[in-house]
Amino acid sequence: MDRARLLTGTHHDPHSLLGAHLTESGVALRVLRPYAQAVAVSVEGRRTELHDDGDGFFSALLPFDTIPGYTLFVTYDGDEREVHDPYRFLPALGEMDLHLIGEGRHEELWTALGAHPMTHEGVAGTRFTVWAPNARGVRVCGDFCAWDGTAFPMRSLGSSGVWELFLPGLGDGTVYKFDVAGSDGSHSLRADPMARRTQVPPETASVVTSSSYTWEDGTWMARRGQQPVHEAPFSVYEVHLPSWRPGLGYRELADQLAAYVSQLGFTHVEFMPVAEHPYGPSWGYQVTGFYAPTSRLGSPDDFRYLVDTLHQAGIGVIVDWVAAHFPKDDWALARFDGTHLYEPADPQRAEHPDWGTLEFDYGRTEVRNFLVANAVYWCEEFHVDGLRVDAVASMLYLDYSREEGQWSPNVHGGRENLDAVAFLQEMNATLYRRVPGVLTIAEESTAWDGVTRETHHVGPTGFGGLGFGLKWNMGWMHDSLVYMSKEPVHRKYHHNEMTFSMVYAYSENYILPISHDEVVHGKRALVSKMPGDWWQQRANHRAYLGFMWAHPGKQLLFMGQEFAQGGEWSEQQGPDWWLLDPAYSAEPDHRGVQDLVRDLNHFYADAPALWQRDTSPEGFRWITTDAADDNVIAFLRFAADGTPLLAVCNFSPVVREDYRLGVPDSVPGWFEALNTDSARYGGGDVLNTGVLKPDPVPCHGRPDSLRLTLPPLATVWLRPA
């Protein structure tokens with residue numbers, strides 16, 4: 001019976017049968033080595049041949065009254081190898097690790113599970129561990145055993161659900177999978193859920209790895225938490241790494257990306273998901289290797305080099321993090337041990353209706369631990385400064401994208417996913433406690449209350465805050481793009497689309513996103529959304545960016561939009577860099593927009609009024625919201641010390657001479673700091689020069705007013721002279 005279970009990979013305690021065991025007659029040694037021609041044991045230089053018991057089993061009775069140290073000599077095809085017996089070692093995983101795993105509180109789970117090169121009982125090798133509580137048995141297999149795991153069954157470490165085996169002689173670069181005998185009678189080869197490195201897709205195996213990287217970003221790490229992000233300049237360049245410069249790896253990208261982002265003045269980059277994923281056109285949003293940077297671009301240490309280089313250039317790194325769902329590939333997480341392990345057993349909750357994937361079971365402590373520890377892992381192991389959590393709305397609502405009858409209410413009869421709420425709160429609280437200066441950002445498209453409220457502050461809906469640092473302002477993005485897509489003659493009927501965002505601007509801590517989602521699948525690139533001829537499209541594009549950078553909230557801009565790429569983004573070819581080739585006749589048009597983005601970022605960083613009070617109503621005042629017929633909006637931003645900045649947007653294609661705006665009487669003079677119509681940006685160069693002094697003429701409820709020339713389809717920033 002035991003023999004059959006070992007051969008079929010369904011024995012929970014192979015160490016009780018294999019290896020050396022003390023008996024009344026001596027030390028009984030049993031070895032399982034399928035396909036071996038012969039096996040011998042060596043004790044203190046004395047060699048004893050083992051008896052071939054058939055089916056790959058070999059045994060001997062050794063004349064010792066204690067178990068000695070020994071090695072094995074195994075012969076395959078006439079080639080003899082000396083190896084250590086994996087079944088003579090005690091477990092290489094401690095009781096505290098197992099206790100924390102059982103409680104779902106192991107915040108450094110990646111140090112306990114997965115494949116870890118180590119020296120154990122004086123022997124170098126790799127410890128393999130995997131959580132599969134319902135499996136009938138688990139074996140390790142890989143390139144070291146021709147993918148036949150018969151010789152390497154793992155032992156179950158009790159009620160923890162963890163299986164463990166230390167394999168001497170294996171180290172970095174070993175390719176492996178787990179051969180899982182499922183509780184449903186299935187056998188499947190599974191990638192390690194905790195793998196920290198993978199094969200290059202489409203290959204799917206895991207790779208043993210350890211880091212030898214030496215970080216040089218100490219200055220950045222020490223200071224990144226000194227200033228709260230809500231009170232700091234924060235403009236983000238969103239990047240899809242595989243296509244930003246197609247063909248380059250992490251190390252080649254590092255220097256080029258750092259130089260480019262520094263030149264343009266962005267404070268941070270945001271990477272679309274870098275965790276391993278089998279299908280490139282998913283852009284990384286269908287993850288199978290949650291702990292492994294995609295091997296398409298290099299090793300985990302190569303990714304560390306990329307982050308380190310950006311930090312040394314003064315650029316923060318945010319990574320898109322997917323915890324909402326995972327694909328159904330039969331070599332990954334789905335039905336991992338023959339049961340619904342990572343996904344809920346209830347198909348109404350398990351199936352993600354939009355993407356044909358599976359949702360996580362947030363109510364299971366071990367699954368929640370897997371995800372919380374994963375968030376910590378990216379921030380601690382790779383020095384990532386923040387996580388942008390994808391598809392939060394799909395996690396929060398049980399009826400998300402589901403029709404009546406396709407979902408079941410929670411215990412209170414509501415539509416909220418209480419387990420997901422608890423998970424997000426735990427993830428955020430854990431990250432902010434462990435990682436100084438870290439930031440979490442929610443892509444959340446509904447009016448859920450308290451996305452960026454602290455978890456212990458209960459809101460009017462009865463829930464504590466989710467605990468995020470920032471939330472994508474999807475309402476601002478949608479409304480403002482609707483307005484900008486209209487011909488100017490029709491914009492007066494949509495004027496509220498540009499002003500309504502201020503009604504709720506301080507309900508959360510917002511970031512204003514023009515992301516990859518807005519420039520694909522027929523939505524058109526940003527400049528191509530704009531009406532009019534090519535000159536007007538670029539003018540609208542520039543005016544919109546000027547409005548965006550002046551509006552309360554942080555900024556995010558997807559690659560290619562910084563130089564007005566007209567075509568939609570494609571993950572196969574990336575940005576249209578050829579538009580910036582001096583040999584191209586329209587290069588100045590695109591270079592001008594790029595120059596504007598650079599100046600926006602530099603002026604923005606130098607103007608505390610634009611970022612210091614982003615989350616405080618005291619940092620903003622309307623001048624005019626009712627100039628719909630003119631397509632004009634104007635507002636003031638204020639720094640903490642009261643220093644103002646005046647932003648005026650003219651979204652009509654006509655020059656407005658002597659346009660009067662009420663201004664604070666405390667400012668004796670203004671100067672034009674930035675004008676998106678400047679000739680250097682490709683505009684018509686309708687400027688306001690010199691010091692502009694207010695007149696004692698009441699306007700917009702203020703005793704003083706300023707006369708300006710408003711350039712067509714342009715945004716102007718003015719600062720105190």
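Visitor: In this structure, which residue in E7 does Ala 38 stand opposite?
Guide: The model is a predicted one, and in it strand E3 covers residues 38-43 while strand E7 covers residues 71-76. The two strands run antiparallel and are joined by five bridges. Within this pairing, the residue in E7 that stands opposite Ala 38 is Thr 75.

Visitor: Which strands stand at the edges of the open sheet, and why is one side of each left without a neighbour?
Guide: The sheet is open and antiparallel, with its four strands in the order E4-E3-E7-E8, and the twist from one strand to the next averages 25°. Each edge strand has a single partner strand, so one side of it has no neighbour in the sheet. The strands at the edges are E4 (46-49) and E8 (79-83).

Visitor: How are H15 and H16 oriented to each other, roughly parallel or roughly antiparallel?
Guide: The axes of helix H15 (residues 534-550) and helix H16 (residues 587-605) come within 11 Å and cross at roughly 10°. Since angles under 35 degrees count as roughly parallel, H15 and H16 are therefore roughly parallel.

Visitor: Which helix gives the most to the lining of the largest pocket?
Guide: The largest pocket has a volume of about 840 Å³, and of the 36 residues that line it, the closest to its centre include Gln 227, Pro 228 and Gly 437. Helices H3 (218-223), H5 (250-264) and H10 (418-434) are the elements that give two or more residues to this lining. With three residues, the helix that gives the most is H10.

Note on methods:
Residues are numbered from 1 along each chain as its sequence is written. This is a predicted model: local features need pLDDT of at least 70, side-chain atom pairs count only at pLDDT 80 or more; totals for chains, interfaces and linings use all residues. Side-chain values use heavy atoms; hydrogens and water are left out. Axes are lines fitted to C-alpha atoms, for helices over the stretch in contact, and angles run from 0 to 180 degrees between N-to-C directions. Angles under 35 degrees count as roughly parallel, over 145 as roughly antiparallel, 65 to 115 as roughly perpendicular and the rest as oblique. Two strands pair if DSSP finds at least two bridges between them. On a 1 Å grid over the protein atoms alone, a cavity is a set of points where a 1.4 Å probe fits but cannot get out, and a pocket is an open set with protein on both sides within 12 Å along at least five of seven lines; lining residues have an atom within 4 Å of a point. Grid points are joined across faces, edges and corners, and a volume is the space filled by probe spheres set on the points.
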